[in-house]
Amino acid sequence: MNAISKISGSDRYARCIQTSKRVRWDVDKDVIRGRRFDAAHKFLPDGLSLADAFTTLSADEKRFVSQIQGRTYANVFGLVERFINAKVLELSHDHWFGDQIALEALVRFSDEELKHQALFRRIDAMVGDVLPEGYRFDIDPNGVAHAVLGKSTWAVLALTLDIELFTQLHYRQSIDPDTELSELFKDVFLYHWREESQHAILDELEWVRHDAGLTAEERDRAVDEFIELVAAVDGILQVQARADAGYFAATCGRVVDEAEARAIEAAFLKAYRWQYIHSGAQHPHFGKVLSSLITENQGQRIQAALATLH
Ligand SMILES: [Fe+2]
Ligand SMILES: [Fe+2]
């Protein structure tokens with residue numbers, strides 16, 4: 001790394017700190033503001049819940065699906081932020097006796113991710129107050145974090161940048177004028193995105209920094225581990241799509257036959273794959289950073305793996 005890119009790298013950490021201080025928000029004072037959810041409103045916008053994929057459902061039932069998916073959205077973020085935060089704390093070790101600006105930026109990142117997990121736990125409970133009993137999210141964030149952190153740092157940072165970039169797209173979709181969308185859920189997208197924007201910059205800085213120390217063989221193994229992580233995320237999404245489709249069928253107030261139940265489960269899985277895998281994988285900036293680090297052959301391996309998840 002030459003002197004100029006070192007300076008600009010340090011400057012980017014400093015800018016993240018400045019923005020992080022400027023946009024900092026409080027779960028109660030700024031996001032929730034004493035409000036409750038209302039089951040008359042949609043929680044996820046159609047562009048994320050893929051409402052059109054639920055072809056057998058009425059408009060009211062599609063709204064219920066957006067509420068189930070909204071609760072799962074909170075739980076999936078609570079889940080991934082457990083391992084993201086642990087990895088950020090681990091990476092901060094590289095800066096303990098070095099760049100104190102980079103260290104401060106990562107400490108703030110970690111602090112924000114702890115706050116986000118608290119926000120998402122609140123959202124899960126608040127959605128539970130207005131929806132029928134029986135919703136399940138049985139995936140243990142600590143178990144997932146242990147499995148994820150067993151992979152190389154390169155692979156974990158690739159997945160993390162992917163995740164933290166797609167929150168920007170999710171925010172853009174939620175600000176689309178939609179009179180039925182919950183104002184409270186819109187604010188969850190807005191406030192989360194404000195802090196995630198800095199996280200995505202830091203992920204990239206840390207990923208590129210870490211990548212520079214790898215051999216070609218280590219990077220090649222890490223590409224395979226990234227593919228394994230995406231497959232593991234997909235495994236989680238399959239479990240939750242089944243759980244959420246079962247919950248819908250049990251609580252929607254009418255009989256859902258076998259064939260329709262399968263179609264609903266497939267639509268949930270399609271929506272979750274869009275939200276948590278493809279919306280990030282197709283993000284132009286993710287593609288740009290990833291392709292700057294890997295060979296054409298490695299890129300093809302990743303694309304081939306992603307193509308199986310449809
Ligand atoms: Fe977050
Ligand atoms: Fe984040």
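These legends describe close-up views of a predicted model.

**View 1. The site of the iron ion (ligand 1).**
Protein donors come from E81 (OE), E113 (OE), H116 (ND1), H192 (NE2) and E196 (OE). They lie 1.9 to 2.3 Å from the iron ion (ligand 1). Along the chain, these donors follow the spacing E-x31-E-x2-H-x75-H-x3-E. H116 and H192 link distant parts of the chain. H116 sits in helix 5, whereas H192 sits in helix 8 (residues 183-211). The two are 76 residues apart. H116 has 0% relative accessibility and so counts as buried. H192 is buried too, with a relative accessible area of 3%.

**View 2. The site of the iron ion (ligand 2).**
Here the protein donors are E113 (OE), E164 (OE), E196 (OE), E196 (OE) and H199 (ND1). Their distances from the iron ion (ligand 2) run from 1.9 to 2.3 Å. The spacing of the donors along the chain is E-x50-E-x31-E-x2-H. E113 and E164 join distant parts of the chain, 51 residues apart. E113 belongs to helix 5 (residues 100-130). E164 belongs to helix 7 (residues 153-174). Both E113 and E164 are buried.

**View 3. The bridge between the two iron ions.**
E113 bridges the iron ion (ligand 1) and the iron ion (ligand 2). The two ions lie 3.4 Å apart.

**View 4. Helix 7 against helix 9.**
Helix 7 and helix 9 (residues 216-251) pack at an angle of about 50°. Their axes are 8 Å apart. The two helices are therefore oblique to each other. Helix 7 passes helix 9 in a right-handed crossing. From helix 7, the contact involves W154, A155, V156, A158, L159 and D162. From helix 9, it involves R219, A222, V223, E225, F226, L229, V230 and V233.

**View 5. F226 and the nonpolar core.**
The largest nonpolar core has 97 residues. Those with the most contacts inside it are F83, W154, F185, W207, F226, F248 and F268. In soluble globular proteins, nonpolar side chains tend to be buried together. Which residues does F226 touch, not counting those up to four places away in sequence? They are W154, A155, A158, L159, D162, F286 and I302. Among them, W154 is also listed with F226 for its contacts inside the core.

**View 6. Helix 9 against helix 12.**
The axes of helix 9 and helix 12 (residues 296-307) come within 10 Å. They cross at roughly 10°. Helix 9 and helix 12 are therefore roughly parallel to each other. On the helix 9 side, the meeting residues are R219, D220, V223, D224, F226, I227 and V230. On the helix 12 side, they are Q298, R301, I302, A305 and L306.

**View 7. Helix 7 against helix 8.**
The axes of helix 7 and helix 8 come within 8 Å and cross at roughly 150°. That makes helix 7 roughly antiparallel to helix 8. The crossing is left-handed.

**View 8. E206 in helix 8.**
E206 lies in helix 8. Is E206 buried or exposed? Its relative accessibility is 2%, so E206 counts as buried. E206 touches Y13, L91, H95, L106 and L157, leaving aside residues up to four places away in sequence.

**View 9. L114 in helix 5.**
L114 lies in helix 5. At 46% relative accessibility, L114 counts as partly exposed. L114 and L103 are eleven residues apart in sequence. In space they are 17 Å apart, C-alpha to C-alpha.

R33 is found in the loop between helix 2 (27-32) and helix 3 (46-49). Its phi is near 50°, a positive value in a residue other than glycine. R33 is partly exposed, with a relative accessible area of 44%. L50 is placed in the loop between helix 3 and helix 4 (59-92). L50 is not a glycine either, yet has a positive phi of about 50°.

Technical notes. Residues numbered from 1 in each chain as written. Chains lettered and ligands numbered in written order. Predicted model: local features only at pLDDT ≥ 70, side-chain atom pairs only at ≥ 80, totals over all residues. Heavy atoms only, no water. Donors = N, O, S within 2.8 Å, 3.2 Å for Na, K, Ca; no water. Helix = DSSP H or I, 4+ residues; strand = E, 2+ residues; numbered from the N terminus. Buried < 20%, exposed > 50% of the residue type's maximum accessible area, 1.4 Å probe, protein only. Core = buried A, V, L, I, M, F, W, Y, C linked by side-chain atoms within 4.5 Å. Contact = heavy atoms within 4.5 Å. Axes fitted to C-alpha atoms, helices over the stretch in contact; angles between N-to-C directions. Parallel < 35°, antiparallel > 145°, perpendicular 65-115°, else oblique. Left-handed = near helix turned anticlockwise from the far one by under 90°.
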